[in-house]
Amino acid sequence: MRVVVDFDRCQSNAVCMGIAPDIFEVRDDGFLYILQENPPESSRSKVDEAVRSCPTQAISVEEG
Amino acid sequence: MVGASLAGARAAEALRREGFDGPITLIGAEPHLPYTRPPLSKQYLEGTWGRDRLELKAPAPGPGTGVDFRLGTRAVGLDVARRRVRVSGPDGAGEVGFDGLVVATGCHPRTFPGAGDLDGVFTLRTVDDCDRLKAALDGGPRVAVIGAGFIGSEVAGTCRKRGLDVTVIEALPVPLAGALGEGMGHVLAGVHRDHGTGLRLGVGVEGFVPGPRAGDRHRVAGVRLADESVVEADVVVVGVGVVPTTGWLDGSGLAVDNGLVCDAACFVRAEGGGPGPGFVVAAGDVARWHNPLFGEDMRVEHWTNAVEQAEAAARNLLRGPGRAEPFAPPTYFWSDQYDVKIQYVGRARPGDRMVLAEGSIDERRFVAVYVRGERVVAALALNRPARIVAWQQRVASRSSWNPDLD
Ligand SMILES: Cc1cc2nc3c(=O)[nH]c(=O)nc-3n(C[C@H](O)[C@H](O)[C@H](O)COP(=O)(O)OP(=O)(O)OC[C@H]3O[C@@H](n4cnc5c(N)ncnc54)[C@H](O)[C@@H]3O)c2cc1C
Ligand code: SF4
């Protein structure tokens, strides 16, 4: 699974970071960084939760 | 599901995810598929985001695993004993039966006496409201915003971004004093002023002033304040808060008191406060539930809570009251005004102590925390998005305040 963020939509609300801090990090510069673009399968439910919880629907998951 | 917006859609999605494969009907008064509202006072109103960015990605309508959407259809009554919702829609009056019910009818704007009589006076809740307001802003009007709450403040900021002349009128001495405390209100008043927005604080509204000429008596020309002064305006946005949409539940026997009253697991209580039917849950802006984390009944009018509560309520509906789990979130919301991002976790009350925990108020980059006794009950980050998650964890774990925390 590959985590993709549409940075044009992302408003750095950091909701994703609250759910999966090992994958998403909003840094002091105010921007979101993806720490693991290809997280392990065991992270899937957290990533899915972040997808659902992102207020701007900026996160998506690509398979493969 | 009654209410086909954020909470209704997310509840439907959660039911499917939890393995429910029976029929799901979403009854929604608006003619639109579920969409997201926060951009209506921000990017969509400004014109930088199109309609496509408002679409909520799930759930898919259609037969099979899909959801039956009854749009443009209003629930007008509930018969709990017979498990039926009375509806009125394009096909006339009817009934929809159910085994389990999720109430997600949200809130609607509070209005002002006389607001409906004049053209040019707007409230903002739906995309249709927003399209009307947007069209009015295209003419380059002078704008008055009544109420410096979240939506009023955001609309003012967006109008300034569009280069319009804006005055905000607020009965309290500073913006958002109720929600964030007076200290924070002073900071936000400064943000309005620095962006060239006029502020009339601590003064109530007396009424609307109609146009002076015979031809424009039906149009608003200004707002008259309690001190008899007039704020001239071609467009007036009324942002004086919202009220939970529970009128359709009159006579249902369910407990309504500033929202639909629920237990800790989001099951709706019976009138009088006793246990309810056990197959009706509520979520989102309409629901007032007992949050064990703060030990109080609360209703939250924010996006993230609608998502989290819808998922929790749907899960509990499938489990039944016996196996249900309490919904005890720290609660989070954000607001974007001008160049300021506010993020807030927790629940403060008047009387809680506010302490600057990180950063600088003058630079408008800081975290302030609200402390009750020893416990950190809430935190507000202003232009510090990197730090909110750390404070969210402290609020959720009932941490005590310790100035040496980093
Ligand atoms: C302009 C604006 C900006 C916002 N910005 C932010 C923000 O920056 N951050 C944040 O955290 N939150 C924000 N919010 C709040 C957030 O949008 C709400 O918390 C969220 O929409 C709540 O979702 P809900 O599904 O509970 O209720 P709603 O979105 O209010 O949906 C309720 C739905 O039920 C329908 N309905 C009502 N009665 C009936 C009936 N009898 N029969 C059938 N259908 C019915 C309504 O038509 C509506 O579609 C904003 C809201 C607005 C309006
Ligand atoms: S939750 Fe969405 S908007 Fe917020 S930081 Fe993450 S990707 Fe960006």
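Student: Is B:Gln343 buried or exposed in this model?
Tutor: The model is predicted, so local features need pLDDT of at least 70 and side-chain atom pairs count only at pLDDT 80 or more, whereas totals for chains, interfaces and linings use all residues. Side-chain values use heavy atoms, with hydrogens and water left out, residues are numbered from 1 along each chain as its sequence is written, and chains are lettered from A and ligands numbered from 1 in the order in which they are written. Buried means under 20% relative accessible area, exposed over 50% and partly exposed in between, with a 1.4 Å probe and protein chains only. Because its relative accessibility is 0%, B:Gln343 counts as buried.

Student: Which backbone oxygen does the side chain of B:Gln343 reach?
Tutor: B:Gln343 belongs to strand E22 (residues 340–346) of chain B, where strands (E, at least two residues) are DSSP runs numbered from the N terminus. Its side chain also makes a polar contact of 3.2 Å with the side chain of B:Tyr332, a polar contact being a pair of N or O atoms within 3.5 Å, of which, within protein, one must be able to donate a hydrogen and the other to accept it, and residues adjacent in sequence count only if both atoms are side-chain atoms. At 2.8 Å, the backbone oxygen that the side chain of B:Gln343 reaches is that of A:Asn13.

Student: How do the residues of the shell around ligand 2 divide into nonpolar, polar and charged, and what are the counts?
Tutor: The residues surrounding ligand 2 include A:Cys10, A:Asn13, A:Cys16 and A:Cys54, each with a heavy atom within 4 Å of the molecule. Ala, Val, Leu, Ile, Met, Phe, Trp, Tyr, Cys and Pro count as nonpolar, Asp, Glu, Lys and Arg as charged, and the others, Gly among them, as polar. The shell therefore divides into eight nonpolar, four polar and no charged.

Student: How many aromatic pairs are found over all chains, and at what angle are the planes of B:Phe112 and B:Phe208?
Tutor: Rings of Phe, Tyr and Trp (its six-membered ring) pair if their centres lie within 6.5 Å, with planes under 30 degrees apart counted as stacked, over 60 as edge-to-face and the rest as tilted. The search of the whole structure finds eight aromatic pairs. The rings of B:Phe112 and B:Phe208 have centres 6.2 Å apart, and the pair is edge-to-face because the planes lie at 75°.

Student: Which residues do ring pairs link into a cluster?
Tutor: One pair is B:Tyr344 with B:Tyr370, which is tilted because the planes are at 55°, with the centres 5.7 Å apart. Both B:Tyr344 and B:Tyr370 are buried. The cluster linked by ring pairs consists of B:Phe150, B:Phe333, B:Tyr344 and B:Tyr370.

Definitions and conventions
Helix = DSSP H or I, 4+ residues; strand = E, 2+ residues; numbered from the N terminus.
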